[in-house]
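I opened the file to go through the chains, the sheet and the interface. My notes follow in the order in which I looked things up.

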Amino acid sequence: MMRHPLLSVKDLRVEFPTRRGALTAIDGISFDLREGEVLGVVGESGAGKSITGTAVIGLLEPPGRIASGEIRLKGERIDNLPPAAMRKLRGKRIGMVFQDPLTSLNPLFTIGDQIIETIMTHLPVSEREARDRAVALLEEVGIPAAGQRLSAYPHQFSGGMRQRVVIALALCAEPELVIADEPTTALDVSVQSQIIRLLQRVCRDHGTAVMLITHDMGVIAETADRVAVMYSGRIAEIGPVRDVIKSPSHPYTIGLMGAIPSLTGDHDRLTQIPGSMPRLDSIPRGCAFNPRCSLTMDRCRVERPDLIPAGDSHAACWKLLETEGAGR
Amino acid sequence: MNTVMQHATAESGAVVEVRSLSRTFDVSKPWLNRVLERSPKAFLKAAQDISFSISKGETFALVGESGSGKSTVAKMVVGLLEASAGEIRIEGVDMRSRRQSGQEMRELRRRIQMIFQDPYASLNPRWRVDRIIAEPIRAFKLESSEEAISARVGELLELVRLHPRDGAKYPHEFSGGQRQRICIARALASKPEFLVCDEPTSALDVSVQAQILNLMRDLQDEFGLTYLFISHDLAVVRHMAKRIGVMYLGRLVEVAESRELFRNPRHPYTRMLLAAIPDLDMTGTPRRPVEGEIPNPINPPSGCAFHPRCPLANDRCKRELPLLQDMGGAGVACHAVEEGRT
C-alpha cells in the first residue's frame, strides 16, 4: 500500500453563507504535505491563505463552513470529526502559531501554567515531568533563564520572546504538523529572522512538517521546501520554492515577483499588476485572474484552468497548455 | 558634526534642513505614585540630535525598526509634533521660530504635506471623497469658485489614476490601495513641494504597493516633489530613495547614498539589518545570525546604544557616545568604524 502523505487536502471548498447567497472563500484547492516538509502558502490579503489554515485545524469562524472536499491527516479524514475529537487532535497532532503572540497567549496565566497545562492535556505525564519538559522547551526556543521565566506573565516578554513562547507551546505535544499563520508579520526585521530560523531549526529537529502561511515571499524563499501561491481562493501555482521564485509560470506569480522591490537590481519601475484582487462576491468567470492578466485569451474568460504541469511545478493557466502544445 | 549634512545645502540649495533635532517625552508616573514609590521622573528620548538635509526633487529615507524614532522625526518635520530642541528649516524658513507671521506660516504649511501609513484611519469616513480632497483647496483658498474647486478635484483624482466620478463615493467604497491614492490626491491638493510619507505602503499588499510606489515616483518626476520617506522595509527604501539615513534608538547611526549603503554598509547595525532581510535571490549564502532585540528606550544602554548587540563593541563603546563622522558626504556614528576595527 502506498504511504499516505502527512496532510492531504482534496478539492476543499469553504463557503460563507450570507443573506445574498453563499460566498466561496476557498474554491476547490488540493495539495499534499509530506512528513517533515515545509510548505509555504503565499498570497495577498483576501487570497484565502489563512482560511485554508483554519479549515485544516477545524477553527473556521462560523458561519464559514467546509462545503465539500476532504482533509486527511495520514489517511484519516479530519474534516468531519466531531468537535471533541477535533479538540483532542488540535494541539496534539497539529500545532498552531498565529500572527499576534499577544492574543494567542492568555494574559491572566503565567506562561509556565499555559505550557504545563497543554503538555498535561495531551501527554500522559506527571506535573513534575511536564514542568521539566516546559523548561527544556523554553530553553530550546532560546528563552534565557527558562526555569525562572515559567512564572512570568505574557506581558513581561517582548514581542519576539512571546513568539518564541508560542512556538514552544505549539511544539509541546510533539505534533506532526505545525500551522504557522504569519508568524513573523508583527515583528521587526532583525527579530523576524531570528524567529524564522528558530521555527526552521526546531521543526527540523523534531521532524515536524510546517504549513507556513505568509504574504512575504522573502520568508518563503528562506524557509519553505515547496510553495503554493494563492489567488482568489484558488491555487495559482504550486511547486518547489526555487522554481516558483526563480522561474514562475503563472502570470500572477510573475507579476507578484516583479512587484517586489529588489535589493540588488537597478532602480527600475516595479512591475505593476493593474487593479486588485476581486471581492468574494464578484469573482470573475473562468480564470479569476483574467481581468488583470496581460495574456488573457477567450478561453480564460469562460473556463477555469486546472493545475497544469510546468517544469517541476504546476500552474493554473491556460497559456501553459498552449505553449506546451506549440512545442510538440 | 553637522558639516556632514551641510555639504548638500551648500551645493544645491536644500529644501529641507534639519539640525540637531531632538524630542523628549515625559513618561513619568503620576505625581502621587512618584512620591509613594520614590521613583524619579522618566523621560523617553524618542529622537536625539538628528541632522539631515534634503535637496530639491530628492528622496531622503529614514529607515529603522519600531521604536527607532523615525515617525517622531516625520511628525516634527511637518509640525504635528513640537520639537524639544533643534532646528527645522524649509527653504530657509525656520519652522520653529515664532517670529514668522501667521500668513508666512500658512504659506509654509501649504508647501508641506504628509501621507500616513493607514489609509483606513486617515480619511474621514463620513465625508465624500471630493470633499476630502477639496478641503486643503478651501483651507488655503487656492480656488475661489465652486466650479473651479470641483474641476481641480477631478484633475487630482485623475492624477492619482482614479476616475473623477469617484469623488461622489465614500472612503469605505475603496480598497486600501485606492484609499492611499485618495490620500495622495489630498496631499497634492495644496500644490506642495515637500511630502513627508510615513510608511505609505506598509499596510498594502505587494502588488498594490508596487502601484503606489510607481505612482509616487511618477508624481515626483512630474512636479519635482521632494520626499522624506519613512519606512521599515529596506527593499522599499532602496527602491525609492537617493540617500538613506538609518536610525537606531532615536539616533541616526549611518547616512549614505542608497546604493552605497547596500553595497558597502559601514555601521554594524546597518550590516545586521541588511543581513536580516530574507534573501529572495536564494544565493544560499549563510547569513550572520542577528543577536538580541532593541533595548528599552526609556533606559537605553550607556555610550553607543547599540553596544550590547554589537560584535565589534569594546570598552570605549560602552562609555562614549559616537558622533556621526563625516566620510565624504556620508556619515557613520561608530567608534569601531572610525578606528578601523572591522
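I took helices (H or I, at least four residues) and strands (E, at least two) as DSSP runs, numbered from the N terminus. On that basis I listed 13 helices and 12 strands for chain A.

Conventions. I number residues from 1 along each chain as its sequence is written, and chains are lettered from A and ligands numbered from 1 in the order in which they are written. The model is predicted, so local features need pLDDT of at least 70 and side-chain atom pairs count only at pLDDT 80 or more, while totals for chains, interfaces and linings use all residues.

Overall size, chain A. I found that the C-alpha trace spans about 65 × 50 × 45 Å along its principal axes. For 328 residues a compact globule would have a radius of gyration near 20 Å, and the 21 Å of chain A agrees with this. The radius is taken over C-alpha atoms, and the globule rule is 2.2 Å times the number of residues to the power 0.38.

Sheet, chain B. I traced an open sheet of 4 strands in the order β2-β1-β4-β5, with antiparallel pairing; strands pair if DSSP finds at least two bridges between them. β2 (43-55) and β5 (93-94) of chain B are the edge strands, each pairing on one side only. β4(B), residues 85-90, joins β5(B) over 2 antiparallel bridges, and I noted Val93(B) in β5(B) as the bridge partner of Ile90(B). Helix α3(B), residues 70-78, lies across β1 (14-26), β2 and β4 of chain B, at about 120° to β1(B).

Interface. I counted 30 residues of chain B in contact with 34 of chain A, contact being C-beta atoms, placed from the backbone, within 7 Å. On the chain B side, α8 (206-223), α9 (234-240) and α11 (268-276) each give two or more residues. α8(B) gives the most, with 8 residues. By class I have 15 nonpolar, 9 polar and 6 charged residues on that side; Ala, Val, Leu, Ile, Met, Phe, Trp, Tyr, Cys and Pro count as nonpolar, Asp, Glu, Lys and Arg as charged, and the others, Gly among them, as polar.

The axes of α8(A), residues 189-206, and α11(B) come within 8 Å and cross at roughly 45°. I therefore log α8(A) and α11(B) as oblique to each other, since angles under 35 degrees count as roughly parallel, over 145 as roughly antiparallel, 65 to 115 as roughly perpendicular and the rest as oblique. Val189(A), Ser190(A) and Ser193(A) meet Met272(B), Leu273(B) and Ala276(B) there.

Conventions
Contact = placed C-beta atoms within 7 Å. Axes fitted to C-alpha atoms, helices over the stretch in contact; angles between N-to-C directions.
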